[in-house]
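The following questions and answers examine selected local features of a single model. Please consult the sequence and the structure alongside the text.

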Amino acid sequence: MGDERDEQRGLDSGGQRLPAGQARQFSELARSLQAEPNLDQTLRSIVSAAVANVDGADLAGITLVTKNGALSTPAATDELAREIDRVQYEVRQGPCLSSAWERITVLADDLRTETRWPEFARRAADFGVLSMLSIQLYVRDEEMGSLNLYSRTASGFGDEDENIGLLFASHAAVAMVGAQHENDLIAALVGRDIIGQAKGILMERYQITDRAAFAVLVRTSQHSNRKLRDIAENLATTGVLELATHCVPGDL
């Protein structure tokens, strides 16, 4: 199954490979995406640039599917794109989900007559979106995604739009992975800093060791069913630690 999916990468909705020469057009775009300061800005730049570079696209958005099946639209050009995505997530069908789940490029020429996703197609057409192009995004092993392009015109996307969209998505995926990795590193560093601050407060307040202070945070997390980082952040910002009786430092 994995080999089949690897072979599908970079194919258009008709299963054809892209002209190699077009890739050079996107080298500068890829560099600009990778230069964005954070993940949110990278995603916003991706959807904005997609509309600017794909002639048939009036709107654009990104769908992400986590390993536990959670669906989200972390970036979109406007609220209509988000609303279309919400419809797909509600009825659990549509080009975005087919593209992300099956890791293929999906073209819907006319949603008024589309039969693959009847409930979604009817509601999307009611919103005035008549054609869609969803392109697989290869994010990380535990996540799937798609770059979704929307047109208010039936048959809004031609072969050239697919070619450009596929090349754009490949560069966008690289930028996303880089931004996500950097975002994860920053989050980890911030988390360690917050936990360190919380431990310092407990050590000073109760005159206990670093190890004992961490044990208090762990036990509070376990008995309150909240993440340790959230417990630490609350203590560091408010000075308050809601302790269960068996978490009192004096008992350690």
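Q: Which side chain forms a polar contact with that of Thr-105?
A: In this predicted model, Thr-105 lies in the loop between helix H5 (95-102) and strand E3 (106-108). The side chain of Thr-105 is joined by a polar contact of 2.9 Å to that of Gln-136.

Q: Is Thr-105 buried or exposed?
A: A residue counts as buried when its relative accessible area is under 20%. The value for Thr-105 is 7%, so this residue is buried.

Q: Why is H5 largely enclosed by the rest of the structure?
A: The buried residues of H5 are Pro-95, Cys-96, Leu-97, Ser-98, Ser-99 and Ala-100. H5 is largely enclosed because, of its eight residues, the number buried is six.

Q: What distance does H4 reach from its first C-alpha to its last?
A: Helix H4 comprises 13 residues, 79-91. At 1.5 Å a residue, the expected span is 18 Å. The model comes close to this, with H4 reaching 19 Å.

Q: Which residue has a side-chain oxygen that reaches the backbone nitrogen of Leu-80?
A: This approach occurs at the start of H4. The oxygen comes to within 3.2 Å of that nitrogen, and it belongs to Asp-78.

Definitions and conventions
Residues numbered from 1 in each chain as written. Predicted model: local features only at pLDDT ≥ 70, side-chain atom pairs only at ≥ 80, totals over all residues. Heavy atoms only, no water. Helix = DSSP H or I, 4+ residues; strand = E, 2+ residues; numbered from the N terminus. Expected span 1.5 Å × (residues − 1). Polar contact = N/O pair within 3.5 Å; in protein donor to acceptor, adjacent residues only side chain to side chain. Buried < 20%, exposed > 50% of the residue type's maximum accessible area, 1.4 Å probe, protein only.
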